[in-house]
Amino acid sequence: DVPGNVQLYESQRVMGQQALDAEAARVRRPGLVVDTELRDGSAVHETLEAARAWGADLIVIGTHGRGGMERVVLGSVAEKVLRKAPCAVLSVPHAALARAHATERITHVLCAHDGSAASAHGVAYAVSLAERTGARLTLVSVVESLPYGGDFTGPDFAAFRAAREAHARDVLDTAVPAEVRVHCNVHDRLVYGH
């Protein structure tokens, strides 16, 4: 509805469709169905609407890796999609895009788990992904350091840290049922830091 150069708009649509067709042709192979659709509007809104309309199980989206003021000014399509998506989102950072190959497969899944309900949903998804791909699954629980300042040598700190460690170990021990661990390559890691 914004007045503008109609020819420029139409040429962008033609170039967009050509880019989609070229990418589909590049990745299409026997046994893989590739559909394309060119949409007009906000990248975030249209991506979310497409996911809903198609009943997507997973959105895969590349990121530019912008930070600081550039991110504030330009925003992050990937971050907004991640926050509002009706399904799981796999965000592929720019550095990973540079080393990706068509023949790569998932061999190792890392899943952070803090014991929260949201985190448990992530664990369930990670287990499903590891089971389907035969990948190794590493569950990580982080015992975070306390803010700076204060006495970290006293008995109160030692008891607090021991309680946090016990919680983190419990989170890892109960994250994946024993019967799943029998057929899924699951490793637990307790780490310290932020």
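In the protein chain, where is confidence lowest, and where is it highest? The lowest mean, 55, belongs to helix H3 (residues 68-74), and the highest, 96, to helix H2 (residues 43-54); the score is pLDDT, the predictor's confidence in each residue from 0 to 100. This is a predicted model, in which local features need pLDDT of at least 70 and side-chain atom pairs count only at 80 or more, while totals for chains, interfaces and linings use all residues. Residues are numbered from 1 along each chain as its sequence is written, and side-chain values use heavy atoms, with hydrogens and water left out.

**Confidence**
- The protein chain has a mean pLDDT of 84, with 83% of its residues at 70 or more.

**Overall layout**
- Eight helices and five strands form the secondary structure of the protein chain; these are DSSP runs (helices H or I, at least four residues; strands E, at least two), numbered from the N terminus.
- Read from the N terminus, the order of elements is α-α-β-α-α-β-α-β-α-β-α-α-β.
- Of the 194 residues in the protein chain, 22% are buried (under 20% relative accessible area, with a 1.4 Å probe and protein chains only; over 50% is exposed, and in between is partly exposed).
- Among contacts (heavy atoms within 4.5 Å) with a separation of 6 or more, 66% join residues 24 or more positions apart.

**Nonpolar cores**
- The largest nonpolar core has 15 residues, and Cys111, Val123, Val127, Leu137, Leu139, Val176 and Val186 have the most contacts inside it; a core is a set of buried Ala, Val, Leu, Ile, Met, Phe, Trp, Tyr and Cys residues joined through side-chain atoms within 4.5 Å.
- Strand E3 (108-112), helix H6 (117-133), strand E4 (136-144) and helix H7 (155-175) each give this core at least two residues, and H6 supplies the largest share, four.
- Beyond its neighbours within four places in sequence, Leu139 touches residues including Cys111, Val123, Leu172, Val176 and Val186.
- A second, separate core of nine residues includes Ala51, Ile59, Cys87 and Val89.

**Strands E1 and E2**
- E1 (residues 58-62) and E2 (residues 88-92) pair in the parallel sense over five bridges, where pairing takes at least two DSSP bridges.
- Gly62 has Val92 of E2 as its bridge partner.
- Ile59 and Ile61 lie on the covered face of E1, whereas Leu58, Val60 and Gly62 lie on the uncovered one.
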